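Trainee: Could we go through this one together? I'd like to start with the overall layout and then look at some details.

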Amino acid sequence: MADHPSVLLTCSGQRVDIVRAFRDALARRGEGGRVIVSDLDPLSPSLVSADMVVQLPAVDDPGYGAAVAEVVSREGVGAVLPLTDLDPVVLATAAPLVAAAGGTVFLPAPEVAAACQDKWLCHEALQAAGLPSPPTWPVDGTDKGALPYPMMIKPRIGFAGRWIHRCDDRGELDFFLARTPVASVLQQALPGEEFSIDCLGSLDGRAIGAIPRAMYQSKGGEQIKGETLDDPQLVDLAAAVIERLGLMGPCTIQCFRQGDRILGVTDINTRFGGGFPLPLAAGGDYPFLILAMAAGEDVAPQLGTHRAGVVMTRFLSEHVLVRDGDRLRSMDGREEAVTGGI
Ligand SMILES: Nc1ncnc2c1ncn2[C@@H]1O[C@H](COP(=O)(O)OP(=O)(O)O)[C@@H](O)[C@H]1O
Ligand SMILES: [Mg+2]
């Protein structure tokens with residue numbers, strides 16, 4: 001909407017790359033608008049790179065959705081996107097409130113967002129949709145002696161690889177099960193190679209983009225080294241997952257493949273993937289397409305049009321800030337520091 005050109009990126013954390021990409025996309029659209037971010041940590045690096053910072057309650061505060069809608073209305077926000085796994089379900093639930101305020105939440109229906117966060121529900125949803133999911137069992141009521149080892153213990157609601165353990169036999173499974181503090185599922189450890197596909201679904205659940213990448217190195221859930229692939233089988237798999245599950249907005253689908261056999265979809269995140277710069281560099285201009293969709297424009301599917309052989313190798317970067325009264329100011333002058341109150 002012309003009177004809602006801005007973008008709100010919630011729980012923006014370290015995702016400076018995404019904030020910058022939306023600033024660039026807004027500049028190219030040339031309709032004004034700002035990148036507005038929220039994060040409870042006043043030292044989150046993304047706050048320094050944004051045009052504006054808003055204070056929102058904690059995501060588990062019952063007023064979170066209403067506070068988001070208030071920002072949407074007050075600041076003329078057209079698109080709302082979560083950048084971490086903390087608030088997709090809350091935001092998806094608040095989509096009607098946000099719509100009434102003039103904005104669009106780029107997430108699927110709340111039950112779909114919830115199924116993507118919960119590895120047991122995700123397994124059930126994939127199976128019900130006729131999509132490949134690794135053999136998966138609940139912890140309770142499963143005969144641990146009869147499982148096909150090696151097995152993985154995975155938290156039902158997990159992220160960044162936390163509380164995931166590979167178990168080569170019953171003894172290891174019992175050891176980790178006795179120690180994990182979170183509700184878990186048991187999943188067959190898959191052979192083969194793991195891939196990630198960075199995707200974009202339209203607001204009516206069509207697959208607009210699907211860019212597969214090889215995962216050469218990850219640390220704490222962040223992709224460090226990777227390469228985009230020309231891989232129609234993975235593009236087709238991702239398109240089927242998006243369209244059968246009803247995924248909307250940016251999402252990342254992970255799977256294992258051995259030879260030419262897809263063994264299972266192991267993880268779906270309803271947000272930009274940790275390897276965000278790679279699909280962007282390969283031609284997946286998802287921020288620009290999201291702005292177009294928020295403005296009510298139809299966007300054409302771009303499946304298979306990305307550039308393959310784009311390689312990313314990452315390193316840490318930083319903002320150096322100086323105190324200026326009760327605010328912090330950027331020292332390098334590249335960006336206006338807008339963070340304050342530390
Ligand atoms: N079934 C599996 N077989 C083998 N490795 C797995 C399996 N599931 C997960 N993993 C490994 O654990 C990592 C994290 O698992 P994932 O399901 O993506 O959880 P998270 O939500 O924490 O990202 C994966 O990147 C992969 O390396
Ligand atoms: Mg994952």
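Trainee: Into which domains is the chain divided?

Mentor: The assignment gives domain 1 (6-106 + 318-330), domain 2 (135-188) and domain 3 (191-313), and please keep in mind that this is a predicted model.

Trainee: And how far apart do the C-alpha centres of domain 2 and domain 3 lie?

Mentor: Those two centres are separated by 27 Å.

Trainee: On to strand S7, then: which strands does S7 pair with?

Mentor: Strand S7 (residues 151-155) is joined to strand S8 (residues 165-167) by three bridges, the two running antiparallel, and S7 also pairs with strand S9 (residues 184-188) in the antiparallel sense, over five bridges.

Trainee: Which residues stand opposite each other there?

Mentor: On the S8 side, Met152 stands opposite Arg166, while in S9 the bridge partner of Ile153 is Leu186.

Trainee: Why is S7 called largely enclosed?

Mentor: Because four of the five residues of S7 are buried, the strand is largely enclosed by the rest of the structure.

Trainee: Changing topic, at what angle do helix H6 and helix H7 cross?

Mentor: The axes of H6 (residues 110-117) and H7 (residues 119-128) cross at roughly 115 degrees and come within 5 Å, which means that H6 is roughly perpendicular to H7.

Trainee: What residues meet there, and of what kind are they?

Mentor: From H6, Ala114, Ala115 and Cys116 meet Leu121, Cys122 and Ala125 of H7, and the residues of this contact divide into six nonpolar, no polar and no charged.

Key:
Residues numbered from 1 in each chain as written. Chains lettered and ligands numbered in written order. Predicted model: local features only at pLDDT ≥ 70, side-chain atom pairs only at ≥ 80, totals over all residues. Buried ≥ 20, exposed ≤ 12 C-beta atoms within 10 Å, placed from the backbone. Pairing = 2+ DSSP bridges. Axes fitted to C-alpha atoms, helices over the stretch in contact; angles between N-to-C directions. Parallel < 35°, antiparallel > 145°, perpendicular 65-115°, else oblique. Contact = placed C-beta atoms within 7 Å. Nonpolar A, V, L, I, M, F, W, Y, C, P; charged D, E, K, R; others polar. Domains from an automatic or database assignment.
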